[in-house]
Amino acid sequence: MTCLKMGTLRAFLDGELLPSEMVSVQLHISSCALCSEKESQLRETAASVLSQLDLMVPMPSEEPQNSSKSLKIWKERTVEKYSIGNRLMRRFRMINQALSRTRWRYAALTAGLVVMSLLVAFTPAGSAAENFLSVFRVKKFQAVTLNPSDVPKPPTLADIGVMEMGSQPKTKKVSSQAEASTSVGFSVALPSVLPNGFANTPDISVSDGTSFKMTFDLQKIESYLAAVGIRGVDLPANLNGATIRAEVPAQVAFSYRGDGKYLTGGATKSPTLDVPPDLDVEYLREQLLKFPGLSRETQAQLRSITDWKETMIVPVPSGSASRDVSINGAEGVLISNDRSNGSSAVLWQRNDVVYGLSGNVSQEELLAAARSLK
Amino acid sequence: MASAALSTSDALLLEGVMNSDERAFEALFVRYYDKIYSILFRLLGSRNESEDVLQEVFLKLFQHPFRSGGEHNLSAWLYKVALNEGYNHIRAETRRSNREDRAQQMNDRDLRARQMSQDPAQEALLKEKRLVVRSVLQDLSERHRSCLVLRATGFSYAEIAQVVEVAPGSVGTLLARAEESFRVRYVALNREGGSQ
């Protein structure tokens, strides 16, 4: 038998040969002085190196901590609770690595943001808070005043593309807070303080989640922009067919009745939005701020959003007022319109659940009710 | 072998991670935590640094755009990342610190903080020895370093082959050479440092 290779001998030392090979190597070594010598040397070197490497072994006090603890630290430190914004940013980064910085990409984003913001902007007067086109995981709210005259003719969905609903959400009445909680998968809270004259017998209903898909139609958008005289927006071909997907989780809605007054509210786990990976949110923001026709006030409000990915823009038609409020430490926004029936709405977020409450009651009563949710 | 079943569910979990399923990621975190920590400790010899780099490794997992539906050897990938990140950390720490002040090189607040330790002299000695090992490992080629660390951590030749991306039959040779490199370098370093 020819003498053994170093690799074979080394594998032999570690028992990493087939059993038959182990036997034949052993047999060879016992009859071959050279290989026996080589084997000893390898063994000695391996042992001494291992003894050094064994210094790099945790002492009792250096043992790893509990993996759940480390995971907790990881979450806190790294990803800010897996917010959809960060998930999106992760996807953006992936694609950004692949794409080069070309002019058309930024133009696409511009158009996308313009369209998206227009979608959000024009809700029927007086029901801003109830109209959820949610953008990203909501941690904060920023009211943005938009004057219909900023854009002469607001777009309808038909002007932009095609909207598809995933499945028709099924709504059903439930008879108790507990039943509602079970249905929606989070703890449902109801106001314990109600305005005068209200009966503490709410109607509660739950609906299961659904999703929406918005697919942009380039031709329609271009026609719309031309029709309203917006120039300077360069729409690339790949906007055509680009799809945004929104997931709206299960929701609960409740309503109370009083003397000719109403108080309704709802809660939902934060809706999420999937946008095409080449949508650069930061850049979109910059473009939106340059959009012609935005009043200074609107620009200032938009500029004040620092966590673009975590802030829900709440459109407030001019004629309504809004202010920041605190609901037991959670940041929220209160919107009120100054029409004679005086309705207001408050939106806030806690622990990834978005809450809303509205009614034609006084602001004080509304806030008291909101703060009494449990 | 157990790892075949494990790697199937690895694939499922990875799919979950790509679909932004938090629980899938958490399951992988918990599954690989101990092994990754062991590998890193072999490289770094320090608890704090091992924990820090471990966080980076899992961040890389979270961020990496695995192709969906593709064949991924997740464990090999993770171990490779751990070895890379560990090495990068060593290099960064070495660059950062003053050569004369090697005591600074190991960010080991734990060891320093434990005043109640039995034998501070013993501790200091251990730390110094670990620093030498770390330096030697740093000077080796990537393959040699990986081989040694993985073998010391208890990986089989087959497993090492997957991480280092060589034929399983080549691991013996690689390991033997790695050990020889280590030995030579170790002797040289000790000679250099001897006069201190």
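Biologist: What do the side chains of B:Arg151 and A:Glu16 meet in?
Modeller: A salt bridge, at 3.7 Å from N to O. The term means a side-chain nitrogen of Lys or Arg within 4 Å of a carboxyl oxygen of Asp or Glu. Bear in mind that this is a predicted model: local features need pLDDT of at least 70, side-chain atom pairs count only at pLDDT 80 or more, and totals for chains, interfaces and linings use all residues. Residues are numbered from 1 along each chain as its sequence is written, chains are lettered from A in the order in which they are written, and side-chain values use heavy atoms, without hydrogens and water.

Biologist: How many salt bridges are there across the interface of chain B and chain A?
Modeller: The rule finds 6.

Biologist: OK, and which helix gives the most to chain B's side?
Modeller: That's α2(B), with 12 residues; helices here are DSSP runs of H or I, at least four residues, and strands are runs of E, at least two, numbered from the N terminus.

Biologist: How much area do the two chains bury between them?
Modeller: About 4,100 Å², 61% of it on carbon and sulfur atoms. Buried area is the accessible area (1.4 Å probe) lost when two parts are put together, summed over both. B:Arg42, B:Gln55 and B:Phe62 supply 16% of what chain B buries against chain A, more than any other three residues.

Biologist: Switching topic: where is A:Leu347 found?
Modeller: In strand β13 of chain A, residues 344-350.

Biologist: Buried or exposed?
Modeller: A:Leu347 is buried, at 1% relative accessible area. Buried means under 20%, exposed over 50%, and partly exposed in between (1.4 Å probe, protein chains only).
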